[in-house]
Amino acid sequence: DGGVLWANWFRDGDVLERRRCLLETQFDTHWQPVDRARLRRQVKSERYSAALFEPQAFHFHPLKYARGLAGTLRHLGAAVHDATPAIGLRRDGGGWRVETPDGSVDAEHVVLACGGYLAGLVPRIDASVLPIATYVIVTEPLGPRAAEVLETQAAVYDTRFAFDYYRLLPDTRLLWGGRISVRDRQATEVERLLRRDVLRVFPQLDGVRIDHAWSGLMSYARHEMPQIGRLDEGLWHAQAFGGHGVAPTTVAGEVLASAIAEGDPTWQAYAPYGLASAMKPWGFAGAQATYWWLQATTPSSRTVLRPTRGRTGARAGQRAIERDRPGDAGPFRFGSARGQSASKMPAAPMPVPMHMVTMPYFCLRRRRPCTIVAVRIAPVAPSGWPSAIAPPSGLIFDGSRPQVRVTANACAAKAS
């Protein structure tokens, strides 16, 4: 609810106009320009120069969404096996056998939707994505102070490659996410880094307590597009949604369900964005170096806008807007995936919850009852909190036309 604001981190307004024109001319989607004065009334920060408002967009609680899907599956007769790791997968006759510590499941179809947590279960699929970490914190309830930060129900994210994204929760807590790294950090490190990012935008929040901090792994493909397809007969995958938001994951589920249940060939439209090698382990170095380069070449806050004056947090805010040092991203990480959750205490690594869903259905092609198994692995978040919160990008990946290319002068072309 409340829509989404895409706030410009830079002075150059062309980045907003190019995006607005792209959406208008190619997707018949209309984002509304928001000038600096109006934006300043909604987002109480000197950080941004202007914004685009997407009124049709919405933000929601992804953990509740996942639980709602699980409830619907149970209602339809599926079995949802919480905390059940899939430790092996092999061919078994004409189908597949998924091994777990306490038994196995035989299925004609298996869907791997594990994001950054596939952990080598199927090497060919795992080799095509890089697990990249992002971080989230939640403040204490701000109460009346919330109005000193945001007077909008919109979610906000900015125009940088590795942007901040945040919104107010119903109980006036500020939910804040950002940064990307090859390193999945402990909660105390996440709190330290994101607190600095918060103060860079809202120095008036100096001293606010952070109640929760966690990290999780997204999956990125080398071509930066989702990978949706079939590796072998009955073995499907949907991954590499990092940076694309929740909407394309839902589309992928619908596309693969239709392919399995009805033989719908729509999934083949995603073939141009296949399982290209992520070139591990060198891909990790390339991803981290790219992020460091973009950090180093992003203009610092002081060269663009003014920090807030006249508040006790101004000095801390001024320190916080110092340009990030490349060393902040930490060393490369090649170990196993872990998720953490914590409040003010250092977090011990927690096992990543793995969920298997088995769904019986009648297979028309084989004319007999069959079973589909979906393996879903997710990072840990504090109980009751979202496991991720990224506003939709506004560009929904449409598999029916994967080759769309748009030039920067799309509006000019339309006008002529």
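Predicted model: local features only at pLDDT ≥ 70, side-chain atom pairs only at ≥ 80, totals over all residues.
Colleague: Is Ala 83 buried or exposed?

Modeller: Buried means under 20% relative accessible area, exposed over 50%, and partly exposed in between, with a 1.4 Å probe and protein chains only. Ala 83, which has a positive phi of about 50 degrees although it is not a glycine, has 58% relative accessibility and therefore counts as exposed.

Colleague: What is the phi of Glu 224 near?

Modeller: Most residues other than glycine have a negative phi. Glu 224, in the loop between strand S13 (210-220) and strand S14 (227-232), counts as exposed because its relative accessibility is 56%. Its phi is positive, although Glu 224 is a residue other than glycine, and lies near 65 degrees.

Colleague: How far apart are the end C-alpha atoms of helix H6?

Modeller: The expected span of a helix is 1.5 Å times one less than its number of residues. Helix H6 (residues 246-262) has 17 residues, so it should span 24 Å, and this agrees with the distance between its end C-alpha atoms, 24 Å.

Colleague: Which residue just after H6 takes a positive phi?

Modeller: Within H6 the buried residues include Pro 248, Ala 252, Val 255, Leu 256 and Ile 260. Just after the helix comes a residue with a positive phi of about 75 degrees, and this residue is Gly 263.

Colleague: Which element supplies the largest share of the lining of the second largest cavity?

Modeller: On a 1 Å grid over the protein atoms alone, a cavity is a set of points where a 1.4 Å probe fits but cannot get out, and lining residues have an atom within 4 Å of a point. The second largest cavity is lined by residues including Ile 137, Thr 139, Arg 195, Val 198 and Leu 199. Strand S9 (130-139) and helix H5 (187-201) each supply at least two residues of this lining, and the largest share, 3 residues, comes from H5.

Technical notes
Residues numbered from 1 in each chain as written. Heavy atoms only, no water. 1 Å grid on protein atoms, 1.4 Å probe; cavity = no way out; pocket = protein on both sides within 12 Å on 5 of 7 lines; lining within 4 Å. Helix = DSSP H or I, 4+ residues; strand = E, 2+ residues; numbered from the N terminus.
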